[in-house]
Amino acid sequence: MASSREVSTMIRQGFISDPSISLSSNSRNSPSSSPSKPLSLSPPAFSRPTLFEMMTDEQLRESKQSSDNNRRKLQDKLARVLSKNPNFGDSNNCSSNNLGGFGDGDVKLTVSGRDGFKISMDVHRRVLAEKSRFFAEKLSDGGITHSVEICDCDDVEIYVETLVLMYTHDLKKKLMGDDVTKVLGLLKVSAAILFETGILSCLEYLEAVPWSEDEEEKIISCLNQLQLHDSVSEDVLQRVSTEPSTSTRAEDMFTKMLTGVLQAKDDKARKEMKSLISRLLREDVADFSTYGPKIDVSRDTLYSLCHRCLSALILCLSEATCMDESRQERGAIMAEIAREADNMQWIVDILIDKKMGDEFVKLWADQKELAILHSKIPTMYRHEISRVTAQLCIAIGRGHILVPKEARYSLLSTWLEPLYEDFGWMKRANRFVDKKVVEDGLSQTILTLPISQQQSILMNWFDRFLTKGDDCPNIQKAFEIWWRRAFIRQYVPDQDQHMQITVCDYND
């Protein structure tokens with residue numbers, strides 16, 4: 001019954017035809033019809049096409065029309081290509097099967113594509129044999145007129161364009177203005193038919209023109225596939241290949257670059273170069289699985305720069321605390337503090353990206369002298385330093401830095417109070433500070449500590465938040481979780497439960 005309903009539905013929707021429909025005429029009104037004797041009807045002349053059949057026919061028509069249009073366009077394009085070469089004969093006699101174009105040739109060359117498109121041309125044995133070792137071998141038997149067919153071509157147009165190059169005296173001029181993708185196609189065909197002049201001209205073109213990054217990938221892949229092993233091919237790849245000795249100098253090169261950025265005089269240029277180097281280093285990490293071993297910055301290099309930035313910060317803060325409030329030099333010192341703090345943030349970002357930030361957490365937690373100096377200068381000048389603490393809490397909260405609980409607690413013991421004091425200025429003065437991200441990172445870092453330390457920190461925050469309000473980080477989420485851990489979902493380990501192992505002896 002269900003099957004019958006499905007068939008009826010498909011008939012109504014037009015996907016299958018109704019077998020009861022025929023072209024029999026006037027059977028009801030026929031006077032000879034009798035209820036007891038059914039009429040014998042002849043089979044219908046035709047049945048109504050289904051919706052599916054109509055849709056299929058329409059698609060086939062459109063596909064055939066599109067294929068025919070493409071073929072006409074390709075024929076017209078090839079005719080124009082052949083007509084532009086002055087060495088060709090009359091190209092006005094081009095037809096769908098014969099493009100002519102090479103005058104009274106003694107070889108009929110047919111090129112057919114995988115899609116069935118086929119063209120034939122009259123070409124000259126002497127030209128083909130002289131330019132191509134492939135044709136020289138195929139056409140080596142005296143004065144017999146030949147018919148040669150190249151089948152299953154990926155791109156018929158490129159094969160014809162390569163043939164045109166054989167009739168061209170100045171190949172360099174001919175290739176000018178072509179795009180890299182087309183020249184790579186010409187290079188592949190030239191290599192396949194051993195057309196040495198074409199290979200050399202394509203390689204010289206590739207060596208001279210600029211490439212986009214996408215084109216660079218195609219060129220490297222093509223040359224590696226062809227394995228041409230000649231000096232011009234090596235010249236092309238020199239643009240991207242690295243000498244083995246370069247990797248040994250990488251450490252000095254990176255150290256020089258990073259140091260130069262940190263000491264740059266122009267602030268705008270310094271920020272732009274920081275952004276550029278950071279992006280390149282991140283790409284280096286992302287491309288490791290694809291390109292294998294990479295040239296990288298060592299931990300020692302980065303931490304030597306960290307110590308340099310720390311020394312510069314301590315020196316700047318010491319000078320700032322000793323200066324008279326009215327002295328004009330104070331503004332320059334404060335600008336220098338902000339600059340060195342920004343440098344420190346940049347190096348810390350690199351350490352986190354490189355998964356080398358664990359040691360810095362301990363180093364930053366030990367900066368007691370810097371924390372004391374920090375408290376002695378106005379908040380408007382020092383708040384950039386607290387961004388370093390925020391960076392570390394965010395990284396710890398996301399699991400990007402793994403350090404023992406002692407290091408985490410030491411970090412908060414040294415720098416949590418300064419972060420509280422500077423938080424209002426941090427979020428107002430810098431549009432790049434995401435208040436929510438900082439609060440989440442701080443909350444997660446606190447919740448990784450033993451519950452007694454959570455209580456100490458969060459009760460202190462509770463009192464401060466009631467006083468400072470929005471100028472204090474809002475870590476209510478951490479407070480709620482601690483409260484539930486401490487008073488609602490209390491976990492008390494059962495000291496009496498131990499694994500018991502019983503050894504029994506069995507008598508055989």
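**Exercise 1. Find which residue in S2 is the bridge partner of Leu109.**

Step 1. In strand S2, Leu109 has Met121 as its bridge partner. Strands are DSSP runs of E with at least two residues, and helices are runs of H or I with at least four, numbered from the N terminus.

Step 2. Know the model. This is a predicted model, in which local features need pLDDT of at least 70 and side-chain atom pairs count only at pLDDT 80 or more, while totals for chains, interfaces and linings use all residues. Residues are numbered from 1 along each chain as its sequence is written, and side-chain values use heavy atoms, with hydrogens and water left out.

Step 3. Look at the strands. S1 (residues 107–113) and S2 (residues 118–123) pair in the antiparallel sense over 6 bridges. Two strands pair if DSSP finds at least two bridges between them. The two form a hairpin with 4 residues between them. In the turn, Gly116 has a positive phi of about 95°.

Step 4. Turn to strand S3 (residues 146–153). S1 and S3 run parallel, joined by 6 bridges. Here Leu109 stands opposite Val148.

**Exercise 2. State how many residues of S1 are buried.**

Step 1. Take the cut-offs. Buried means under 20% relative accessible area, exposed over 50%, and partly exposed in between (1.4 Å probe, protein chains only).

Step 2. Count. In S1, 6 of the 7 residues are buried.

**Exercise 3. Name the residues that touch the most other members of the largest nonpolar core.**

Step 1. Define the core. It is a set of buried Ala, Val, Leu, Ile, Met, Phe, Trp, Tyr and Cys residues joined through side-chain atoms within 4.5 Å.

Step 2. The largest core has 51 residues, and Ile337, Phe360 and Trp364 touch the most other members. Helices that each supply at least two residues of this core include H13 (267–286), H16 (329–353) and H20 (405–429).

Step 3. Apart from this core lies another, of 45 residues, with Val148 and Trp211 among them.
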